[in-house]
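The sequence and the structure come before the text.

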Amino acid sequence: MNPVKELRADGSDPLFDKTNMLYKEFPSDFRQIRYFTLLIVQSAPLEIKEINLLEQQISEIIKNAVKHGNNCDLNKKVHVWYSFSSTHAHLIVEDEGSGFQDIEKWNDFNKKRLQCLYEQDFENLGNYVSFRTMSSDDMDGGNALFAALEYWNGGFVYNDKKNGVAMLKKYPQRRHGIAIDGE
């Protein structure tokens, strides 16, 4: 089994460097998450082939900040720093909430879920379909975090308060021209 990717908190991680990043802030209006996402994604270059996946990932992160961090309180803001190029997508999203304090519980849940998959223990896998906390509703499942750990291949890390997350997606370089021996 491959090493299990885990959520972690480290506010000193280099992914939290906001130098040369664009910035937007939004009210915690759940109805406008798609619009907020499009305002950010429009800065991404056309060379990014998986723009729909990028848009979906950004939308989920903003949705979590609005819903779980700020409890859809229109007086609270979601702060987003972002930078795009043909080689990367780098975002930092921070809300005004108390933070995701169940990171260790989520990591334990994910380890058990992946172990069931690895062992093809489908009978017990049903116990690990949806991660729930005391504040979860019927629409919550923690599933966006499973996808985020896979998608953000350059890192996905929370700040020390756990109310902000920095993430990096690296895109492969495309080489143009004629291949030369030895390259």
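## A salt-bridge network

Salt bridges link Arg 8, Asp 10 and Asp 13 into a network in this predicted model. Arg 8 takes part in both of the contacts described here: its side chain meets that of Asp 10 with an N to O distance of 3.9 Å, and it pairs with Asp 13, where the closest N and O atoms are 2.7 Å apart. The cut-off for a salt bridge is a side-chain nitrogen within 4 Å of a carboxyl oxygen, and the 3.9 Å between Asp 10 and Arg 8 counts as one.

Arg 8 is partly exposed, with a relative accessible area of 37%. Asp 10 is also partly exposed, at 26%. Asp 13 has a relative accessibility of 11% and therefore counts as buried, since the limit for that class is under 20%.

## Another pair and the charge totals

A further salt bridge joins the side chains of Arg 31 and Asp 29, at 3.0 Å from N to O. On which side of the burial limits do the two partners fall, buried or exposed? Arg 31 is exposed, with a relative accessible area of 71%, whereas Asp 29 is buried, with 7%.

The count of salt bridges comes to 10. The chain carries 22 positive and 27 negative side chains. The centres of these two sets lie 3 Å apart.

## Residues with positive phi

Asn 20 is not a glycine, yet has a positive phi of about 60 degrees. The residue lies in the segment before β1, the strand that covers 22-27. With a relative accessibility of 74%, Asn 20 counts as exposed, because the limit for that class is over 50%.

Cys 72 is likewise not a glycine and has a positive phi, here of about 55 degrees. Cys 72 is found in the loop between α2 (51-69) and β2 (77-84). Its relative accessibility is 36%, so Cys 72 counts as partly exposed.

## Secondary structure and contacts

What does the secondary structure of the chain come to? There are five helices and five strands. Read along the sequence, they follow the pattern β-α-α-β-β-α-α-α-β-β.

Contacts were also sorted by the separation of their partners along the sequence. Of the contacts in the chain with a separation of 6 or more, 68% are accounted for by residues 24 or more positions apart.

## Overall dimensions and surface

The chain has 183 residues and a radius of gyration of 18 Å. A compact globule with that number of residues would have a radius of gyration near 16 Å, and the value for the chain agrees with this. Along the principal axes, the C-alpha trace spans about 55 × 45 × 30 Å.

Buried residues make up 41% of the 183 residues; Asp 13, at 11% relative accessibility, counts as buried, as does Asp 29, at 7%. The accessible surface of the chain comes to about 10,900 Å². Carbon and sulfur atoms hold 50% of that surface.

Terms used
Residues are numbered from 1 along each chain as its sequence is written. This is a predicted model: local features need pLDDT of at least 70, side-chain atom pairs count only at pLDDT 80 or more; totals for chains, interfaces and linings use all residues. Side-chain values use heavy atoms; hydrogens and water are left out. Helices (H or I, at least four residues) and strands (E, at least two) are DSSP runs, numbered from the N terminus. The radius of gyration is taken over C-alpha atoms; the globule rule is 2.2 Å times the number of residues to the power 0.38. Buried means under 20% relative accessible area, exposed over 50%, partly exposed in between (1.4 Å probe, protein chains only). Contact means heavy atoms within 4.5 Å. Accessible areas come from the Shrake-Rupley method with a 1.4 Å probe; for residues, only the protein chains shown count as cover. Lys and Arg count as positive and Asp and Glu as negative; His and the chain ends are not counted. The place of a charge is taken as NZ of Lys, CZ of Arg, CG of Asp or CD of Glu.
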